[in-house]
Amino acid sequence: MSLISCKNLSVAYDGKTVVNNLSFSVDEGDAVCIVGENGSGKTTLMKSLLGLVKTSGGCIEFSGGLFQSEIGYLPQQTEVQKDFPASVNEIVLSGCLNKTKGPFFSKKEKAKAAYNMELLGITHLKKRCYQELSGGQQQRVLLARALCATKKILLLDEPVAGLDPIVTAELYDLIKKLNREDKLTVIMVSHDIPGSMDIANKILHLNHNGSFFGTTDEYEKSDFGKHFLGGGANG
Amino acid sequence: MADLFSQIQYYLGFTFVQRALIAGILISLCAALLGVSLVLKRYSMIGDGLSHVGFGATAIAAVLNLTDASLYVSIPIVVISAFFLLRINENTKIKGDAAIGIISSGALAVGTVIISFTNGLNTDVCNYLFGSPLTMTKSDVYLSVALSIVVLLLFVLFYNKIFAVTFDESFMKATGLRANLYNTVIAVLTAVTIVLGMKVMGALLISALIIFPAVSSMRVCKSFLAVTVSSAVIAVVCFIIGLAVSCVYVSPAGYTLPTGATIVIINIVVFLVLSAVKKITTLKKK
């Protein structure tokens, strides 16, 4: 069942069209990786799916009972967050906000935050300050927050940027597990193509002159895939 | 020491001191709470910008012969400019710091020119620039108390949302929450607090009430809640000490100290002490 479908989508960033006439759809249970060079519009495309950037043409449709308030999002770190005084618990709990009715968190929401921290193995960091954590731990915190906001779909923007290879592999395993075992649909932006191939069942490759969308197998056989995967192996 | 206490007791007997104390404590509390979010959102100087607009609005009130009701003129004008400042930041090429600079110096210039239409620069104006909590009227105090209680209540009710919109605005928007609404709430509460705070601290020093308690508590606290609570405590303590010192201490030249500036100096001392504490604890850990 399709959750998100984009038809002839165009998105502009700073007045420049970065995504042009793109069509693709994401089905329930998919793990779609959006890859491409810097400046090819990966992040902008993700932001348009999230409603953070206005589209300049075409349409994005949510279906299968998906609403904006059921999306979990792992953004790239901002400058502000680097020295932000907040405990892990506070940040994870804030993911529940799109479900809260009153001004404060209910027991149920606190339990959900605790559950997600356990799931991602960060319960022992609960009281720690976010800015003191390592890069990998910070990503887990933000991932736990995203899980509090969703039961259906996770959108991850460069989740492994700046992490060392071991932590990267751990985080990839975690994302894979969330996709396969916890049945979350995953859309991930990455410029690590080999790593993405391992997680994804579908690849969306953006390029300045055209794009590719299809299963990983199709991608490997395509000119796009041959070029980039080959380049990856040699380089 | 006993002498000091009896002196403080003596001053507390005056209604104008009581008024300054009550209004000042509440306003410092509001400023400190909102300050945490503003400092973290890199909006520290919004206080400066809005207070200059407040100065301009007060000047307009003076020209219209509404000096006694100046708060009723300046609050709406400052709230509107707070909206305007946020819009500028979101939609245009003029970015945050420049936008605040334009509004703040512009409003100060307009205010100064307008004042020359009345009786020129006098002590009243000086009070608005540097503050004079001891000249608050009864109605000023009532309005300050009422509005600061509203600000405090709204802050508590919106606390979780204010945290979220401060930490990560795009996550909030992406998950279907109205981040702009909560930004507006912060802006309106800030605007009200600043206009009220101008009476106490003056247009030039009100930023200190917003910035100092927040940055001081960020030296030592590790969670948002701890930062919020401790900056509230720091603000109130600094205000009380500052007011007491400015009442009791007489400079060698024979003058009492200006209250607003004294409060800022106490805040600076607290900031330096807590910075030192942080240095020492991080050194110890190593």
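Reply: Happy to! A word on naming comes first: helices and strands here are DSSP runs, numbered from the N terminus. Please also keep in mind that this is a predicted model.

Let's look at A:Glu158. This residue sits in the loop of chain A that runs between β6 (153-157) and α6 (165-180). A:Glu158 is buried, yet it has no salt bridge. The nearest side chain of opposite charge belongs to A:Lys42, 4.3 Å away.

What else surrounds the residue? Setting aside neighbours within four places in sequence, A:Glu158 is in contact with A:Lys42, A:Gln76 and A:Gln139, and also with A:Val189, A:Ser190 and A:His191.

Now for the wider setting. Chain A is divided into domain 1 (1-66 + 152-169 + 183-220) and domain 2 (79-150). Their C-alpha centres lie 25 Å apart. Where the two domains of chain A meet, 9 residues of domain 1 are in contact with 7 residues of domain 2. The area buried between them is about 520 Å², and carbon and sulfur atoms give 71% of it. Across this interface there are 0 salt bridges, while 3 residue pairs are in polar contact. On the domain 1 side, the largest share of what touches domain 2 comes from β6(A), with 3 residues.

Notes:
Residues are numbered from 1 along each chain as its sequence is written. Chains are lettered from A and ligands numbered from 1 in the order in which they are written. This is a predicted model: local features need pLDDT of at least 70, side-chain atom pairs count only at pLDDT 80 or more; totals for chains, interfaces and linings use all residues. Side-chain values use heavy atoms; hydrogens and water are left out. Helices (H or I, at least four residues) and strands (E, at least two) are DSSP runs, numbered from the N terminus. Buried means under 20% relative accessible area, exposed over 50%, partly exposed in between (1.4 Å probe, protein chains only). Lys and Arg count as positive and Asp and Glu as negative; His and the chain ends are not counted. A salt bridge is a side-chain nitrogen of Lys or Arg within 4 Å of a carboxyl oxygen of Asp or Glu. Contact means heavy atoms within 4.5 Å. Domain bounds come from an automatic or database domain assignment. Buried area is the accessible area (1.4 Å probe) that two parts lose on being put together, summed over both. A polar contact is a pair of N or O atoms within 3.5 Å; within protein, one must be able to donate a hydrogen and the other to accept it, and residues adjacent in sequence count only if both atoms are side-chain atoms.
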